[in-house]
Amino acid sequence: MIPDGNGDFFKSDGEDAGVRYPDRMMTSVVGGYDVFPNDGMHFIDVAINDGDAITHLEILNDKILQFKKNKCYIINVSNPDHEFPEGVYDNAGIIKPCQIT
């Protein structure tokens, strides 16, 4: 789980209505670091059903680096009402978080 500067927290491996989504990133309510509602609104799907689970999240200024096993996605979170992907990098994925330095 990682924080951004807007009071939101992000975590990978989302769950909604009892269904697990290993490639979904969940967002918290503002200021609620441990409150991730299953209301259909507090998640970010970048590349779903690609067979690649999120392995690590890292924050860098107003961007989240979402690592999967084979790719890295850059997600702009500067506006809490409109997160959007800025880029995707093939062959930049990781298997374990310790691979990020």
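**Exercise 1. State how many residues the protein has and what share of them counts as buried.**

Solution. The protein comprises 101 residues, of which 35% count as buried. The model is predicted.

**Exercise 2. Describe the secondary structure and its order along the sequence.**

Solution. Begin with the elements: there are eight strands and zero helices. Next, read along the sequence; the pattern is β-β-β-β-β-β-β-β. Finally, turn to the contacts with a separation of 6 or more: residues 24 or more positions apart account for 30% of these.

**Exercise 3. Determine which residues make up the largest nonpolar core.**

Solution. The largest nonpolar core has seven residues in all: Met 25, Ile 44, Ile 54, Leu 57, Ile 64, Ile 75 and Val 77. Another core, of five residues, lies apart from it and includes Phe 67, Cys 72, Ile 74 and Ile 94. In general, nonpolar side chains tend to be buried together in soluble globular proteins.

**Exercise 4. Locate Gln 66, and decide whether Gln 66 is buried or exposed.**

Solution. Second, apply the cut-off, by which buried means under 20% relative accessible area. Gln 66 has 0% relative accessibility and therefore counts as buried. Third, list its contacts, leaving aside residues up to four places away in sequence: Gln 66 touches Met 25, Val 46, Ile 54, His 56, Leu 57, Lys 71, Cys 72, Tyr 73 and Ile 75. Among these partners, Met 25, Ile 54, Leu 57 and Ile 75 belong to the largest nonpolar core, while Cys 72 belongs to the other core.

Notes
Residues numbered from 1 in each chain as written. Predicted model: local features only at pLDDT ≥ 70, side-chain atom pairs only at ≥ 80, totals over all residues. Heavy atoms only, no water. Buried < 20%, exposed > 50% of the residue type's maximum accessible area, 1.4 Å probe, protein only. Contact = heavy atoms within 4.5 Å. Helix = DSSP H or I, 4+ residues; strand = E, 2+ residues; numbered from the N terminus. Core = buried A, V, L, I, M, F, W, Y, C linked by side-chain atoms within 4.5 Å.
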